[in-house]
Amino acid sequence: MSTSFPGPSENGAPAGAPPPGCPAHVPARAPEPNGAPEPNGAPEPNGAFEPDRGPGGIVRLYGPAASADPMALYERLRAEHGAVAPVLLEGDVPAWLVLGYDEILQIARNPRRFARDTRHWRDREEGRIPDDSPLMPLLAWRPDCISQDGNEHRRLRGAVKDSLENFDRRAIRRHVHRRSHQLVDGFAGAGRAELVSQFAESLPMMVLTDLFGLPEEEGADLVEASRQLVRGTEKALEADRRIHGILGRLVAEKHRAPGPDLASWLIEHEADLTDEEVRQHLRLVLVLANETTTNLMVNTLRMVLTDPRFRGTLHGGQMTVPAAVEQILWDEPPLMVVPGRFPTHDMEIAGHEVRRGDLLLLCVAAGNTDPAIGRAAGEDMHGNRSHLSFNSGPHECPGQDIGRAITGSGIDTLLARLPDLQLAVPEEGLTWTSSTWSRHLDALPVLFTPRHARNPFAPRPAAEADGEADGGAEAAGAEEERPPVPAAARTGEAPAQPERITQPERTPQAVRPAAPRRGPGRWWDLLWPRRG
């Protein structure tokens, strides 16, 4: 697999023609004559959706056509090629897009056959991917756990997982509520707001800066830089440098003054991470957690406001916000395409000859709607967690429950403060911006009754505080401002024991909708770490 560049090719093919052994040599299925539908119901080339194609007729996974309707693009590729399809990335870099549920699980769960270490990427190692490629911020090798396999991966991932689990779950909940109220205070009296920029893009990063031990003023710059990075814009490389600079200063500061935060715990972990490894893992958690949580929150809010299944049942008490979040994880994964895996030897996958070192991309959005598992797009899943949205296998997201908690608690707080939220524009007027990896709602304007009720997490007025006989209000306010501390450091209180939620086995059989949960759901149940 290689990228086409101007000039004669080594095998004598015309300039710009793909060499043998490349996904670009896989032919697309020709449309049926006389206007008959293509296999699996894909649209006709001159119908509602026609993808942009590059050299060899291979579909481009980037550009205006791909951004217009990613799910239609995935279904077109599935109809033409099956569970695995050849695609072109930015710069017409060739790759394989894995669309099948079973195929994604087999690849994700077999690191010996499908390495995550990007040093296996043949095109990169043979010099066909330039250092300034917009793909490099997400696909370049780094000393972090997602770029490693085997024992080194277990060492690094263990440090991240242990450090994330070191947080007091109730303290995280307090941080989410406090930051949510702070954001709502900024627009509650106006009677209108734009929830993407004024709420969903800010809340995850504000909570993460708290948990990282970062100064608050660094949060705004990190929000913008992380989004530029994941969107793969021309500013991606500069954004990556800004993130590394901020986190490098944080690591140096935590050596001098450690605290109850993620940076300090990574430094102190028995895995003995280097400063570079600490910085890289802070970057990893920051970028991926912020991007995925923001998208998850925006998508859930949109459905709460527009979909009768959610709007009606939420207000009727039949569906909790966590159940709505889980439905969104099936239908609109925060990352639609997950990079990347590299076969460790030549093999056949779903009828396609794949070579050692080819780039495989896991299209979890398409996997969640794979017809082979018997699920139709949009079908109610009632809290079933066997979706692919957090990956699977050794590289499954270790912080997924914190992401769920930030989303659920943030939306709970917003709806409690502004219970009559409604969309300010027709639903068909909403627009999205898509990249190779994810899809972002541009804006979510809402209207509501202006409210000036005080944020319960705000400091008490001095006169009111003086009237408290025992100073309880001041103590409560101080408690809410206290940073999260390890559960082991707390004394004098027994830890809460919320119900444990287990992960169903991710098999096609597990995709059958589970029975609805009875009784009210509690979002903080999702914070409790799974064991075993």
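Student: Which residue in E2 does Val-59 stand opposite?

Tutor: Happy to start there, with the reminder that this is a predicted model, where local features need pLDDT of at least 70, side-chain atom pairs count only at pLDDT 80 or more, and totals for chains, interfaces and linings use all residues. Residues are numbered from 1 along each chain as its sequence is written, and side-chain values use heavy atoms, with hydrogens and water left out. Strand E1 (residues 59–60) and E2 pair in the parallel sense over 2 bridges; strands are DSSP runs of E with at least two residues, helices are runs of H or I with at least four, both numbered from the N terminus, and two strands pair if DSSP finds at least two bridges between them. In E2, the residue opposite Val-59 is Val-87.

Student: Why is strand E2 described as largely enclosed by the rest of the structure?

Tutor: Buried means under 20% relative accessible area, exposed means over 50%, and partly exposed lies in between (1.4 Å probe, protein chains only). Val-84, Pro-86 and Leu-88 point one way from E2, while Ala-85, Val-87 and Leu-89 point the other way, and all are buried. E2 (residues 84–89) is largely enclosed because its buried residues number 6 of the 6.

Student: How many residues lie between E2 and E3 in their hairpin?

Tutor: E2 runs antiparallel to strand E3 (residues 93–98), joined by 6 bridges. Among the facing pairs, Leu-88 stands opposite Pro-94, and Leu-89 has Val-93 as its bridge partner. Gly-91 in the turn has a positive phi of about 80°, and the number of residues between the two strands is 3.

Student: Which residue in E9 is the bridge partner of Trp-96?

Tutor: Trp-96 points the same way from E3 as Pro-94 and Val-98, and all three are buried. E3 and strand E9 (residues 360–362) run parallel, with 3 bridges joining them. The partner of Trp-96 in E9 is Leu-360.

Student: Which strands are the edges of the sheet?

Tutor: The open sheet has 6 strands with mixed pairing, in the order E1-E2-E3-E9-E6-E4. Each edge strand pairs on one side only, and the two are E1 and strand E4 (114–115).

Student: Which side chain of opposite charge is nearest to Asp-144?

Tutor: Asp-144 is found in the loop between helix H5 (136–139) and helix H6 (150–165). Its side chain joins that of Ser-147 in a polar contact of 3.1 Å, that is, a pair of N or O atoms within 3.5 Å; within protein, one must be able to donate a hydrogen and the other to accept it, and residues adjacent in sequence count only if both atoms are side-chain atoms. Asp-144 is buried yet has no salt bridge (a side-chain nitrogen of Lys or Arg within 4 Å of a carboxyl oxygen of Asp or Glu). With Lys and Arg counted as positive, Asp and Glu as negative, and His and the chain ends not counted, the nearest opposite charge, 4.8 Å away, is Arg-283.

Student: Is Gly-410 buried or exposed?

Tutor: Gly-410 sits in helix H17 (residues 400–417). Leaving aside residues up to four places away in sequence, Gly-410 touches Val-176, Ser-180, Phe-199, Leu-203 and Ala-405, where contact means heavy atoms within 4.5 Å. Since its relative accessibility is 0%, Gly-410 counts as buried.

Student: How far apart in space are Gly-410 and Met-297?

Tutor: In sequence, Gly-410 and Met-297 are 113 residues apart. In space, their C-alpha to C-alpha distance is 8.2 Å.
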